[in-house]
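Student: Could you take me on a close look at one part of this structure? I would like to follow a single residue and its surroundings.

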Amino acid sequence: MSYSQNPVRLTDRPSEIKQTAGRDALGSFAPKFAELNDDVLFGQVWSRTDKLSLRDRSIVTVTALVSSGIIDSSLTYHLKEARKNGVTRTEIAEILTQIAFYAGWPKAWGAFRQATEVWKDVTDADDARAAFGQEMIFPIGDPNDAYAKYFTGQSYLAPVSSEQINIANVTFEPGCRNNWHIHHADKGGGQLLVCVAGRGWYQEWGKPARELHPGDVVNIPANVKHWHGAAKDSWFAHLAMSPDGENTSNEWLEPVTDEEYGRL
Ligand code: MN
């Protein structure tokens, strides 16, 4: 199960859209139309993702179809594509509401009947996570099950680099934080955080917590007890890097209590 509802990422952005619908439906009846549909409209125009993202192209296309009153299987196809291209349930609801005033109320009703089907399995939590995913260029990744016992709340982990320096993107849902812990090392080591999206906290034992925003860098010395995580009302993500050191190990300690966290 992939938690990345938006596949249009720097790392896997498609260079060309493969479309066969034209040839499948009309290849023998209207070969030229099929060719224009598959090779020009999709192969050339939709594929110009360096000029306009697939997500934006989906929004434009859905808007054009609904405005023209085309509420048929082609709209269903383009709503499904819009979802694949990263349009969230909340966003499609806003888009169709906006269209309704300019294109006509009954057209929006028709489109909503289809959209509710296309996005029917998306929960509020899925939608919030997908929306947060659009704020950052790094993926959210998968549930951080291996370390879940050292976290309060749900976190996600996406490997970014496994060569030279190990880098992972760690995403925290609102209220999620890791336990107090220590990155031990005899020399070097510690941890480097680079905040990429949302709002969070970093705290060293015995010191006031530091509020974190995108672009902030946290240099965590080895052997210092600390925790990091999201604000209670915001998603948060940081890259975590582990500098080389001698005799490195991580020691996981007690959770940050609701009382401590609640005082922030
Ligand atoms: Mn740490």
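Tutor: Happy to! Let us begin with a term: a residue is buried under 20% relative accessible area, exposed over 50%, and partly exposed in between, using a 1.4 Å probe and protein chains only. His78 has a relative accessible area of 10%, so His78 counts as buried. This is a predicted model, where local features need pLDDT of at least 70 and side-chain atom pairs count only at pLDDT 80 or more, while totals for chains, interfaces and linings use all residues. Residues are numbered from 1 along each chain as its sequence is written, and side-chain values use heavy atoms, with hydrogens and water left out.

His78 sits in helix α4, residues 73-84. Helices here are DSSP runs of H or I with at least four residues, strands are runs of E with at least two, and both are numbered from the N terminus. Contact means heavy atoms within 4.5 Å. Apart from neighbours within four places in sequence, His78 is in contact with Phe42, Trp46, Thr61, Val62 and Leu65.

Val62 leads us onward. A nonpolar core is a set of buried Ala, Val, Leu, Ile, Met, Phe, Trp, Tyr and Cys residues joined through side-chain atoms within 4.5 Å. The largest one has 17 residues, and Val62 and Leu79 are among those touching the most other members. Elements giving two or more residues to this core are α3 (54-67), α4, α5 (89-103) and α6 (105-118), with the largest share, five residues, coming from α5. Leaving aside neighbours within four places in sequence, Leu79 is in contact with residues including Val62, Ile92 and Trp119.
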